[in-house]
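Thanks, everyone. The structure is on the next slide.

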Amino acid sequence: MNTLYCRLAMTNLKNNRQFYLPYILVGVVSAMMFYIMRAIQGNKGIDAMRGYGTLKIVLFLGVIIVGLCTCIFLFYTNSFVMKRRKKELGVYNILGMEKKHIAKVMAWEAVILYGVSVGGGLVFGILFHKLVAMFLYHLTGLAESIPFSVSGWGCLQTIELFGILYLVMLCYNFFQVKLANPIALLHGTYAGEREPKANWLFAGLGVGCIVTGYYLALTVYGVIEAVNMFFVAVLLVIAGTYALFISVSIVVLKLLKKNKKYYYQTAHFITVSGMIYRMKRNATGLANICILSTMVLVMISTTVCLYAGTEASLQNNFPREINATLYFDSVPDDAAQEYLREQIASVAEEQGRKMTHVSYYTDAVVVTHNEANAVERYDKNASYGFSDMGMLYVMTKEDYELYVGEPIDELEQGGVLVASLTDFLWDTITIFGQNYTVEGQAVFPDDAPDGEMTDFLGSTNVLYVIVADDDALNRFCVQDQVQYHIGIETDGTQAERKAFVSAFRGMVEDCKAQLGFATGWITSRVEQQEIYLEMNGGFLFLGLFLGSMFLMITVLIIYYKQISEGFEDRERFAIMTKVGMSRDMVKSAIRTQMRMVFFLPITVAVVHLAMAFPMLKLMMQIFGLANVPLFVGCLIATAAVFAVIYFIVFRVTSGSYYRLVYR
Amino acid sequence: MSILEVRNISKIYTTRFGSAKVQALSDMNFSVEEGEYAAIMGESGSGKTTLLNILASLDKPTGGEVLLNGKSLTMIREKELSAFRRDNLGFVFQDFNLLDNFSLKDNILLPLVLQKKAVSEMEERLEPIAERLGITELLAKYPYEVSGGQKQRAAVARAIITKPQLILADEPTGALDSKAAAGLLKVFREINGDGQTILMVTHSINAASHANRILFIKDGEVFHQLYRGNLTNEQLYVKISDTLTVLSQKTKG
Ligand SMILES: Nc1ncnc2c1ncn2[C@@H]1O[C@H](COP(=O)(O)OP(=O)(O)OP(=O)(O)O)[C@@H](O)[C@H]1O
Ligand SMILES: [Mg+2]
């Protein structure tokens, strides 16, 4: 008896291969992706390497997202296929098959689907695991070789996850069949032909959401605000996108329909009513396509951009091979400075490095509250919040001249130069209760030292003050707040430069006691390069991996959409031909509607992307990328590639649509 | 003058691989005069739908020709066929063939929209027709909201709104209960009274007994004809049923 059900299940799958083939394909690919992600993430080798940890976090995130997407995605596919198959199940029921027996057939179908998907997924996963891992290692600049291996945990967790998933879907399907009576099952496919009502409230809310989201994205200022508002804006736009496709579209179409002169023209008549019908059926699908496309575009363009900009942002964020900041309580005297310089020279000699550039300057840095031309300590008033925070940088005339590269006029005693983001218009400045005359404005030719603070605080609260000499500077000194900056550029290979940095670090450590500073902060471009590559390469990997997964989801949604529309349109166009519509007219009407449905989601996606640009640009700064032209280039290139792929998919799937309609 | 002339029409269906051939029509001849109300009867598989499809220019005969108003359908180019169809012919189908995404009004107006008529003219034409068919109140409704009889009346409205030369109906009462069928036949009588030529295929003796002439086809040929003359519907009904009995006995003998 059981073999009968099994055979019946096989026949069912075969007869519905139009639906099940993509379903199985998706199952296999998701299982494969999940296995590969889990296998790479679980690899012990990754734990042992370098140990910066970003890659581990990125990969862990990857496993979770891939798992989640798989669940949502398979569920979507399953419910689509179920909707289409209700009729067939209804026929079984009417032919006298009990629901119990239908359930058995369905269970067998699920077992077969599960077996094929997970089996195929694991086989391909094991085959491609090494290839994908090699790609990841290449991107992140890891040199280790990868042996061919099978991840036991990966297999087990794939089997478990998909087992649970298929079980839940089977229960859902049981429930669907149990709920419905045979007549409803028979008509399941065609249920709900009712014309949608124009829901003005929902449409208005949707437009409101999108406009608010866009407004937030366009008017955001400063990185912190961008990060804070990003998710709010994204959620608003997602909600708005659904409303846009579900209600706004219907409202617009209904308005067009009300205009009789417009509506009762051959082309419009068929398109408008066809679109109302299509939007009702497929609005959620289109909104999904739109949101997924936006996600793919954002993910791939940002990660590609980060990766391509790695070298540039390294240079930008670490203009020197070695950057050291030593925190003194007061300006170090000449002897101390001299001693330090000698030490550095001897380390270089020891390591056999030639220093192509060495520079030093001192400044005092105080967290302040700035108001008009009065500066006071931030910690003086406990009620100051984050938005009251400011920064004061003080440096000597001598160091300023080094910075700008040319001599400047002498400063009087008690006289200062002031630089700020906006013009500083006062004649005097009061700093910590002391008055100074402002003799002029200072300008930094490239970027002010520590210039990113300005971006970060997102305000004009950052002031630079130039004083006459060390004595004047010493007056601003508070504990640990005099910074002695050293910038070094050297020759040598990567390994040699790395060795130099460690030697330099040891030397600074040794000097602590003698020179009387407590902490030193040393950054090395070589070391940062590895961190950057690991992070950006990891992100790119994740972006491409998830991007291709989302792309697959998009493709599948388009495919199912075309097929289901093909079934529905077939009869309608046959009728129109009978009442005297020519084949050419039918073709062009179909093409118009198809094109609209095709261009709508991707156009909206591109608009979303354009609106998100100012926000994304700021967010990229968190990852140290300030190269706007590069980012724009990446966005455009990604969008173009995506559009081409999308178009190809559209052409191929509309082929199956046309075959259905013109059968 | 005859509005429709069928001369030596034959139709042979060839299956996909050309192995088996089915002769659906063989050497069929008849004509329909202007203002006539003719019914075609015949057993299942005798070629009625095939004939109607050829008359509707939805299909091509293997041999012979069809003249509509003296013009041969085979001479019309493929491109002009659909325009010809919508300007000269009206259709009523067994299963209504209304579009579910259009209201009844839009369904009825569809052929006029295809003819690119002005909105004002469309509404002018629609009003008396809807009135006569008793569907004025239903115009804003959608097909799924009305009964089968009402759907069929909308389909009739769609067929006559273009003022066609000829209305072709394929078992128009097939999907209706007896009351709705009677209503529809009354409508057909009335529009025929206005001078509309109708050619109707039917299985129902009752439906056929409303026509002025009945053609019986068998094995792809016109086998016999009956004229109403002065008979009432009831008398014609008896005559038709007698003829059918004779026909079926001939087959057996
Ligand atoms: N597309 C086709 N291909 C092959 N044979 C066909 C095709 N359409 C009809 N036939 C055959 O031609 C013959 C006439 O069919 P037709 O549909 O005209 O019959 P009918 O008189 O309309 O029958 P019914 O009263 O059952 O509707 C039948 O034998 C049928 O099998
Ligand atoms: Mg038939």
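The largest cavity in this predicted model has 14 lining residues, and Asn78(A), Glu109(A), Ala110(A), Leu113(A) and Asn173(A) are the ones nearest its centre. A cavity here is a set of points, on a 1 Å grid over the protein atoms alone, where a 1.4 Å probe fits but cannot get out, and a lining residue has an atom within 4 Å of a point. Its volume is about 150 Å³, where volume is the space filled by probe spheres set on the points, with points joined across faces, edges and corners.

Four helices of chain A, α2 (17-41), α4 (54-94), α5 (99-140) and α6 (152-179), each give at least two residues to that lining. Helices are DSSP runs of H or I with at least four residues, strands are runs of E with at least two, and both are numbered from the N terminus. The lining divides into 10 nonpolar, 2 polar and 2 charged residues. In this scheme Ala, Val, Leu, Ile, Met, Phe, Trp, Tyr, Cys and Pro are nonpolar, Asp, Glu, Lys and Arg are charged, and the others, Gly among them, are polar.

In total there are 6 cavities of 30 Å³ or more. Which element gives the largest share of its lining? That is β6(B), with 3 residues. By class, the lining of the second largest cavity has 5 nonpolar, 3 polar and 3 charged residues.

Now the ligand. Ligand 1 has 13 residues around it, with Ser44(B), Gly45(B), Lys48(B), Thr49(B) and Thr50(B) coming nearest; around means a heavy atom within 4 Å. Oxygen atoms of ligand 1 lie 2.5 Å from a polar side-chain atom of Thr50(B) and 2.6 Å from one of Thr49(B). For Ser46(B), a backbone N or O atom lies 3.3 Å from a ligand oxygen. The protein buries 61% of the 630 Å² that ligand 1 exposes when taken alone, by the Shrake-Rupley method with a 1.4 Å probe. α1(B) contributes the most to the shell, 3 residues. The shell comprises 3 nonpolar, 7 polar and 3 charged residues.

Bookkeeping: residues are numbered from 1 along each chain as its sequence is written, chains are lettered from A and ligands numbered from 1 in the order in which they are written. In this predicted model local features need pLDDT of at least 70, side-chain atom pairs count only at pLDDT 80 or more, totals for chains, interfaces and linings use all residues, and side-chain values use heavy atoms, with hydrogens and water left out.

Notes:
1 Å grid on protein atoms, 1.4 Å probe; cavity = no way out; pocket = protein on both sides within 12 Å on 5 of 7 lines; lining within 4 Å. Polar contact = N/O pair within 3.5 Å; in protein donor to acceptor, adjacent residues only side chain to side chain.
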